Amino acid sequence: MMNRLSRKIMTLFAPAAATLLLFVAVASAHVTVAPAQSSTGAWETYTLKVPSEKDVATVQVDLRIPAGAEFKQYEATPGWDVTIDGNKVSWIANSEGIQKGQFQRFYFTAKNPDAAGDIAWDAYQHYADGSLVQWSGEAGAENPHSITSIVQATGGDEHSHGSNVTDNSMSMEEHNAIMKDEEKSNSVNPMVYIAVGISLLAFLIAAISILRGRKE
């Protein structure tokens, strides 16, 4: 009897668990630009992170530089060519691209706007089958764009590298700062916790129903 009860509970729990895992995977697989915060007028080194979610490879990524920001430089990435057309920067694969289950980071430098406020990074992900995913929605949308909050610079708090930046190199301090900011910007969406709570509640209700059925 106990084994039969366990099988019933697992039968009810498995679909909820699968749905939850799928939700978490989708919620964490966004195209993002980090850091999530920088200062006015700074020459910031940004990180564009592109995961590939389909069964075919990602072969091109277009990024629109927000109004008020100025694209300055990019770090060469093996296997990718870069084209710049106005405010559109494109990374185009010259080899296999980003395969399913993989992600690629692209580094570039942009001068932030002189005024404080939020800037949005619209990205367009091209797959080898010709499909396109537009990461240009508002916060909470299925395919949201990344937001960087530009705050007023105060004294030595600027991230600016100065006007004498002439190469694409990056210090270890800069790299560690980028990784730290990226982790913050890619933190788990609150909706994930809501989904977890709903799944657990559904499981609890199902288990109570089964137990009541046994008693009756």
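# Strands, rings and a nonpolar core

Strand S5 (residues 70–74) pairs with S8 in the antiparallel sense, over four bridges. Two strands count as paired if DSSP finds at least two bridges between them. The model is predicted, so local features need pLDDT of at least 70 and side-chain atom pairs pLDDT 80 or more, while totals for chains, interfaces and linings use all residues. Residues are numbered from 1 along each chain as its sequence is written, and side-chain values use heavy atoms, with hydrogens and water left out.

Start with the overall layout. The protein has three helices and 11 strands. Both kinds of element are DSSP runs, numbered from the N terminus: helices are H or I of at least four residues, strands are E of at least two. From the N terminus on, the order is α-β-β-β-β-β-β-β-β-β-β-β-α-α. Contact means heavy atoms within 4.5 Å. Among contacts between residues at least 6 apart in sequence, 74% join residues at least 24 apart. The accessible surface comes to about 12600 Å², and 55% of it belongs to carbon and sulfur atoms. Such areas come from the Shrake-Rupley method with a 1.4 Å probe; for residues, only the protein chains shown count as cover.

Next come the rings. Rings of Phe, Tyr and Trp (its six-membered ring) pair if their centres lie within 6.5 Å; planes under 30 degrees apart are stacked, over 60 edge-to-face, and the rest tilted. The count is seven aromatic pairs. One of them, phenylalanine 108 with tryptophan 121, is edge-to-face, at 5.7 Å centre to centre and 70° between the planes. This pair links distant parts of the chain: phenylalanine 108 is in S8, tryptophan 121 in strand S9 (residues 117–127), 13 residues apart. Both residues are buried, meaning under 20% relative accessible area, with exposed over 50% and partly exposed in between (1.4 Å probe, protein chains only). Both also belong to one aromatic cluster with Tyr46, Phe71, Trp80, Trp91 and Phe106. Another ring meets a charge. The charged end of lysine 49 sits over the ring of phenylalanine 103, 4.5 Å from its centre. The rule asks for NZ of Lys or CZ of Arg within 6 Å of the ring centre and within 35 degrees of the ring normal.

What about the interior? Buried residues make up 36% of the 216 residues. A nonpolar core is a set of buried Ala, Val, Leu, Ile, Met, Phe, Trp, Tyr and Cys residues joined through side-chain atoms within 4.5 Å. The largest has 26 residues, and Tyr46, Leu48, Leu63, Ile65, Trp91, Phe108 and Trp121 touch the most other members. Elements giving two or more residues to this core include S3, strand S4 (58–64), S8 and S9. S9 gives the most, with four residues. Beyond neighbours within four places in sequence, the contacts of leucine 63 include Leu48, Trp91, Phe108 and Trp121.

Finish towards the start of the chain. A cis peptide bond joins alanine 34 and proline 35, with omega about 10°. Proline 35 lies in the loop between strand S1 (32–34) and strand S2 (37–39). Serine 39 is in S2. Serine 39 counts as buried because its relative accessible area is 4%. Serine 39 and aspartate 114 are 75 residues apart in sequence, but 8.6 Å apart in space, C-alpha to C-alpha.
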